[in-house]
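Open your viewer and get ready to select residues by number.

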Amino acid sequence: MEREQWSSRTGFILAAAGSAIGLGNIWRFSYVAGDEGGAAFLVLYLITVFLIGYPLLATEIALGRSTRKNPLGAFRDLAPDSPWWLVGAMGVLSGFVIMSFYSVIAGWSFSYVFRALQGFSAGTDFTALFVSATSAPVAPVLWHAAFMAINMLIIGTGVVKGIQKVSELLMPLLFLLLAGLVIRSLTLPGAIEGVRFLFVPDFGAVTPGTLLRAVGHSFFTLSLGMGALVTYGSYLDREARIPASSAWIVGLDTLVALLAGLAIFPAVFALGFAPGEGVGLAFMTLPAVFSTMPGGHLASVMFFLLLTIAALTSSISMLEVVVAWITDEKGWPRRRASLIMGGIIFLAGLPPVLGFSHWSHITIAGLGILDFYDFLASDIMLPLGGLLTALFSVHVWKHQNTLEEINRGTGRLRFGSWYRILAGYLIPAAVTVVMIYGVWNRFLAR
Ligand code: TRP
């Protein structure tokens, strides 16, 4: 069967930006930035996104476009008879792991859209509400199932009619909702404190741990290290300009993180809450903040709708990685692939759901089940995948070939010979150091 192709350049950019822009930009970015001191974290994050994220994003797209394959097939085609296909295989496996817990959180968000629509009664204890919402034995399983079902439907429909259509529809809506929230938040009295928190750095608060989280978050937020962009690149036409498209994708992703920060922190500060509330920021602090401000009812509906839409355009790209693999390699029809693979991911998501109820006593390396999935995927598998992809592109596929594919076409923005040093040596070295430090911190320094 002929491989599908994005029907326009904007369609590709919106789909890829949709993959990048997700829970990471809103839920994860705000709580990590909140924990790590705001602006100082933002500066490190901008540097790592630009120096590591941008070149790697272009590399993944080039790998996919050159081979027109899923990640496993792409590595195998470029280096036959070598173990490099394992990098692609780890990417596909990361797709299963990340999507399974991602869908659980998206399910919470989905359920909060309906809670917010009904309105929160005065004096609601949002911490208690979150605990009861996530620890109920059945409801979170059903929300996770509902979210997976939507994903399976979109991916079963196809690349252009499914992924591209949904992205073209939902991404503009996402920007509108976000702009509305930013305006509401910035016009609150006392909003300026939150703006200062986000933009005036205090480097006294920076630790090696901050740098580690900045690197880890750059991978996560740009969907790097598991071949999602290899897969999306495999549907890209030969003449599309990769350096410019990648700049758009990175730029939009960064813009949404900044706007989410501007929607969240001014409101948090204006109403006297604390920014460093960890994972609960989006689900406990924000509804509490919104419920005490004028226009708060609409703001909470908009916020959870925004979060759910962002999650959906990301999760479809994870399911697509898995589906592209099984359709390419085993010749399964797309519908069957999305049904069965989606079903497996649903099952893989049950331990993280139950980790908040029946299995809340289970910890692995000091982490709850969902946090352990996140740690394993985001702090180990993604950076390792990204590091090996960078090494592969320079030393195995050879930087001349990678550069030729990246620079194909007539664009004025081109990658130069700096690419070889950056992707072949500096990025792998930096990511290795950061990973070792991260694993050390988790397992050995305790
Ligand atoms: N980028 C997504 C976000 O910010 C999350 C993500 C991580 C992802 N890895 C991915 C999405 C791989 C798609 C594919 O929420």
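Start with the largest cavity, whose volume is about 140 Å³. A cavity here is a set of points on a 1 Å grid over the protein atoms alone where a 1.4 Å probe fits but cannot get out, and lining residues have an atom within 4 Å of a point. Its volume is the space filled by probe spheres set on the points, with grid points joined across faces, edges and corners. This is a predicted model, where local features need pLDDT of at least 70 and side-chain atom pairs count only at pLDDT 80 or more, while totals for chains, interfaces and linings use all residues. Residues are numbered from 1 along each chain as its sequence is written, and side-chain values use heavy atoms, with hydrogens and water left out.

Select Ser19, Tyr102, Phe220, Ser223 and Met318: of the 16 residues that line the largest cavity, these lie nearest its centre. Now colour the helices, which are DSSP runs of H or I with at least four residues, numbered from the N terminus. Helix H1 (9–20), H2, helix H5 (85–118), H10 and H14 each give at least two residues to this lining. Which helix gives the most to the lining of the largest cavity? That is H14, with three residues. By class, the lining has nine nonpolar, seven polar and no charged residues. In this count Ala, Val, Leu, Ile, Met, Phe, Trp, Tyr, Cys and Pro are nonpolar, Asp, Glu, Lys and Arg are charged, and the others, Gly among them, are polar.

**Stay on Ser223**

Ser223 sits in the loop between H10 and helix H11 (228–233). Check its backbone angle: phi is positive, about 60 degrees, although Ser223 is not a glycine. Most residues other than glycine have a negative phi. Is Ser223 buried or exposed? Its relative accessible area is 14%, so it is buried (buried means under 20%, exposed over 50% and partly exposed in between, using a 1.4 Å probe and protein chains only).

For a contrasting stop, select Asp81 in the loop between H4 and H5. Asp81 also has a positive phi, near 55 degrees, but at 85% relative accessibility it counts as exposed.

**Show the ligand**

Next, display the ligand and the 16 residues around it; the closest are Ala20, Gly24, Tyr102, Phe220 and Ser317. A backbone N or O atom of Ser19 is 3.3 Å from a ligand nitrogen atom. A backbone N or O atom of Leu23 is 3.1 Å from a ligand oxygen atom. From the side chain of Asn25, a polar atom is 3.4 Å from an oxygen atom of the ligand.

**Follow helix H14**

Select residues 296–330, which make up helix H14. Why do its ends lie where they do? At 1.5 Å a residue, its 35 residues should span 51 Å, and the end C-alpha atoms are 50 Å apart, which agrees. (The expected span is 1.5 Å times one less than the number of residues.) Of those 35 residues, 28 are buried, so H14 is mostly covered.

Within H14, click on Thr313. At 1% relative accessibility, Thr313 counts as buried. A polar atom of its side chain lies 3.0 Å from the backbone oxygen of Gly18.

**Two more spaces**

The whole structure has three cavities of 30 Å³ or more.

Finish at the largest pocket, with a volume of about 590 Å³. A pocket is an open set of points with protein on both sides within 12 Å along at least five of seven lines. Among its 27 lining residues, Arg28, Arg213, Phe375, Asp379 and Arg442 lie nearest its centre. Helices H2 (23–35), H10 (208–221), H17 (369–396) and H19 (418–444) each supply at least two lining residues. The lining counts 14 nonpolar, six polar and seven charged residues.

How values were computed: A residue is near a molecule or strand if one of its heavy atoms lies within 4 Å of it. A polar contact is a pair of N or O atoms within 3.5 Å; within protein, one must be able to donate a hydrogen and the other to accept it, and residues adjacent in sequence count only if both atoms are side-chain atoms.
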